[in-house]
Amino acid sequence: MIVVMKPEATTAEIAAVLRKAEELGVSTHPIYGETHTVIALVGDLTNITREVFDAMAGVQKTVRIEEPYKLAGRTTHPADTVIEVHGVTIGGPEVVVMAGPCSVESRQQIVETAIAVKEAGARILRGGAFKPRTSPYSFQGLGLRGLEYLAEAREVTGLPIITEVMTVDTVPLVAEYADILQIGARNMQNYGLLHAVGKLQKPVMLKRGISGSIKELLMCAEYIMSNGNYNVLLCERGIRTYETATRNTFDLNAVPVLQQLSHLPVVADPSHGTGKWELVGPMAKAAVAAGADALMIEVHPDPDAALSDGAQSLKPQRFADLMEELRRVAQAVDRTIASPTPLAEERPQAVVLG
Ligand code: PEP
Ligand code: MN
């Protein structure tokens, strides 16, 4: 249920509604909009009638929400959510490109890649330090050392970093380093982990599960948001189907469907979506054309030697060329993509820091 306050509702009237809801045993999530304050009531509402709130001073109307994703859905929050990460705005007119290697492998590898993607116009650096691998014998990531190298790459380039957190016990450690926490596809429905990142205020990018429906993805976002963290990004990264020509089936439908159903920014990951570097460019362009708010693209200086996901990683020059093409697609759909930024010109101190 949502309680829509009148534009002229006073702070005391809003507080009275919040108190009433708490007396009735439901939790409240106020959303302070430009004109109205809307209060989402979440919990067991079966015995609560709309009239209870409709009769209160300052209330314009009370609406029952049919969708199970009350906080992630558009009904409660019609305007797009815009998430700010150290000067980068996700969910606005700019299509934000996040790029970097699948795994952080060494200081040199991550710093070199960070510089290359920054110069090509990427706005956020990606890199896994804790890796969810299909085999326990495959490279599992550098752990804490990987986080430290990511922080060094951020220092050199100024790019905020996104990295995956896999377990509840490592949430505080990863949150200390990451600017955006990534919940991987295999953990989409790890409810303990969703609760834990929901208690933070840092942005969280939630990847769609390998066999997760769009509704399930939104319900998982709801877990994070119901804990008070509204800074959630939804990521389409391909789903498992009967098709074997690609690693996953990149569900481009999910981009506009999620935008219809939810106000949260939508990220498209054509690297995991296809599993093949040759297909990353075409699907990245398609995702921008379809309206994605951000892209996640894997880039590696030497994909043949990569410790994970080399087959779907772009070389830095190919990534730079793709960014040029993406800028033209973005322009055609009234969006923008950041221009190339030679690092030496922008941050001369990087030489000292590096
Ligand atoms: C990744 O981003 O490297 C990753 C492991 O992604 P996913 O969880 O989508 O497989
Ligand atoms: Mn990967």
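Strands β1 and β3 (residues 37–42) run antiparallel and are joined by 3 bridges; strands here are DSSP runs of E of at least two residues, helices are runs of H or I of at least four, and both are numbered from the N terminus. Two strands pair if DSSP finds at least two bridges between them. The model is predicted, with local features needing pLDDT of at least 70 and side-chain atom pairs counting only at pLDDT 80 or more, while totals for chains, interfaces and linings use all residues. Residues are numbered from 1 along each chain as its sequence is written, chains are lettered from A and ligands numbered from 1 in the order written, and side-chain values use heavy atoms, without hydrogens and water.

The protein is divided into domain 1 (2–63) and domain 2 (83–332), with bounds from an automatic or database domain assignment. Their centres, taken over C-alpha atoms, are 36 Å apart.

The largest nonpolar core has 79 residues, of which Leu125, Leu206, Leu295, Ile297, Phe319 and Leu326 touch the most other members. Such a core is a set of buried Ala, Val, Leu, Ile, Met, Phe, Trp, Tyr and Cys residues joined through side-chain atoms within 4.5 Å. Helix α7 (residues 214–226) gives the most to this core, 7 residues. Because domain 1 (2–63) and domain 2 (83–332) both give residues to this core, it lies between them. Another core, of 16 residues, lies apart from it and includes Ile14, Val17, Ala21 and Leu45.

The manganese ion (ligand 2) is coordinated by Cys102 (SG), His272 (NE2), Glu298 (OE) and Asp309 (OD), at 2.1 to 2.4 Å. Donors are N, O and S atoms within 2.8 Å of the metal (3.2 Å for Na, K and Ca); water is not among the atoms, so sites may look incomplete. Cys102, in the loop between β7 (96–100) and α3 (107–120), and His272, in helix α9 (residues 270–274), are 170 residues apart. Cys102 is buried at 2% relative accessible area, as is His272 at 8%.

Helix α3 has buried residues including Ile110, Val111, Ala114 and Val117. Just after α3, Gly121 takes a positive phi of about 115°.

Terms used. Buried < 20%, exposed > 50% of the residue type's maximum accessible area, 1.4 Å probe, protein only.
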